[in-house]
Amino acid sequence: MIFSLSRRRKSAPTTGTCPYTSGDLAHAAPAPESRVPGSHLADRGQAERFIRQFHHEHPDAGDVESRVRQVLDAIDRTGGYEHFPAELAFGARVAWRNSARCIGRLYWRSLVVRDLRHVSSADAIAAECFEHLRLAGNGGRIRPVITVFAPDRPGRPGPRIVNDQLVRYAGHQEPDGRWKGDPRGAAPTARARDLGWKRDGGPFQVLPLMVREFPDARPEWYELPDDAVREVEFSHPDHAWFAELGLRWYTVPAISDMTLEIGGVRYPAAPFNGWYMGTEIGARNLADAERYDLLPEVADRLGLDRSTERTLWRDRALVELNVAVLHSFQEAGVTMADHHTESRRFLRHIAQESRHGRETPADWSWIVPPVSGGATPVFHRYYDPVDPSLRPAFLART
């Protein structure tokens, strides 16, 4: 997802976040989720700041002082308040805009916000997550989408999605130590099996969706319908043997284990996606030694000399792997960005934000692509510092 927010310099948990790639490189900066244990009370200061920000950026929204009084009075009486639909949509989009680890924020205004705050049962959440994937997939023209379920309320915590992405491949270690599938999926695979899931479909077996109706509830699990998960099979424009590797990847990287916080209100189940940037799959998911670890096999197929690092066999295999990923998504008619184009677009985003008098916080180590970083314009500059208190935001759930 170019809305991806993953832990990029270690093993990337696939786009996602940022809604750009909601894939492995898309996770928003994982600021810890602020919370008063057991209370779920809305923070008055955050609430007021958000309402004033909303009215500042929407001057036609009505009397700000009246709305601030209404919100603060609700917090004093009940411990919380409800966002108007327009406030919720704005907050979700600004949370993306604030995601310091996302290179795809140029598109933050285009985020489709599904307001499902009335939905809290596990069955209904699963059904709406599958609909989210269908809407976001959009026949290959991937749309950035967020689905916001019931929030945490005083005395009544909201539901949680156990999976870190709506779509994720299973992984487990064989008795001989080799991995079958994606090592990144080992923990959710073990959890799903504990709950009764038994499928074992090879290296690209889609995990079930696991949903808790409240934090301490036993998760319910649901197989993802075939029409909700589209995958692209990989080939290479110059090497026919590449298709023999049997590689594929899903098209919608939807992050599902982060809390959306808007004006002091926390939405712990708010899956969101963008589209993939090719390097998320080609340079991380398929290439990392802790993931599918395909560089040695690709290098051997290319006939490269692996006897010494000085042949740069890893680099050459990595480039061809990324060529295959970009080529395959294009042939399938599925939206995917390349890292050179997105780097230029990110600088356009910074320029646009500057014209509006806003800073653009960015984590350099995440913004610079993992392939040919020095050849992209985002490499050669500094960025506004990351403020972990910046809100609205997507937060790492604790």
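The legends below describe close-up views of a predicted model. Local features need pLDDT of at least 70 and side-chain atom pairs count only at pLDDT 80 or more, while totals for chains, interfaces and linings use all residues. Residues are numbered from 1 along each chain as its sequence is written, and side-chain values use heavy atoms, with hydrogens and water left out.

**View 1. An open sheet of three strands runs in the order S12-S11-S14 with antiparallel pairing.** Strands (E, at least two residues) and helices (H or I, at least four) are DSSP runs numbered from the N terminus; two strands pair if DSSP finds at least two bridges between them. S12 (265-267) and S14 (393-396) are the edge strands, each with a single partner, so one side of each has no neighbour in the sheet. From one strand to the next the twist averages 35°. Four bridges join S11 (residues 258-262) to S14 in the antiparallel sense; Met 258 has Ala 396 in S14 as its bridge partner. Helix H3 (residues 85-97) packs on this sheet and touches S11, S12 and S14, its direction making about 120° with that of S11. Contact means heavy atoms within 4.5 Å. Axes are lines fitted to C-alpha atoms, for helices over the stretch in contact, and angles run from 0 to 180 degrees between N-to-C directions.

**View 2. Helix H1 (residues 44-57) packs against H3 at about 95°, with the axes 11 Å apart.** H1 is therefore roughly perpendicular to H3, a term for angles of 65 to 115 degrees. Phe 50, Ile 51, Gln 53, Phe 54 and Glu 57 of H1 meet Ala 86, Glu 87, Phe 90, Gly 91, Val 94 and Arg 97 of H3. By class, the contact has six nonpolar, two polar and three charged residues. Ala, Val, Leu, Ile, Met, Phe, Trp, Tyr, Cys and Pro count as nonpolar, Asp, Glu, Lys and Arg as charged, and the others, Gly among them, as polar.

**View 3. The largest pocket holds about 500 Å³ of space.** On a 1 Å grid over the protein atoms alone, a pocket is an open set of points with protein on both sides within 12 Å along at least five of seven lines, and lining residues have an atom within 4 Å of a point. Grid points are joined across faces, edges and corners, and the volume is the space filled by probe spheres (1.4 Å probe) set on the points. Of the 23 lining residues, Gln 53, Arg 97, Asn 98, Leu 390 and Arg 391 lie nearest the centre. H1, H3 and H9 (339-355) each supply at least two lining residues, and H1 gives the largest share, six.

Technical notes:
Angles under 35 degrees count as roughly parallel, over 145 as roughly antiparallel, 65 to 115 as roughly perpendicular and the rest as oblique.
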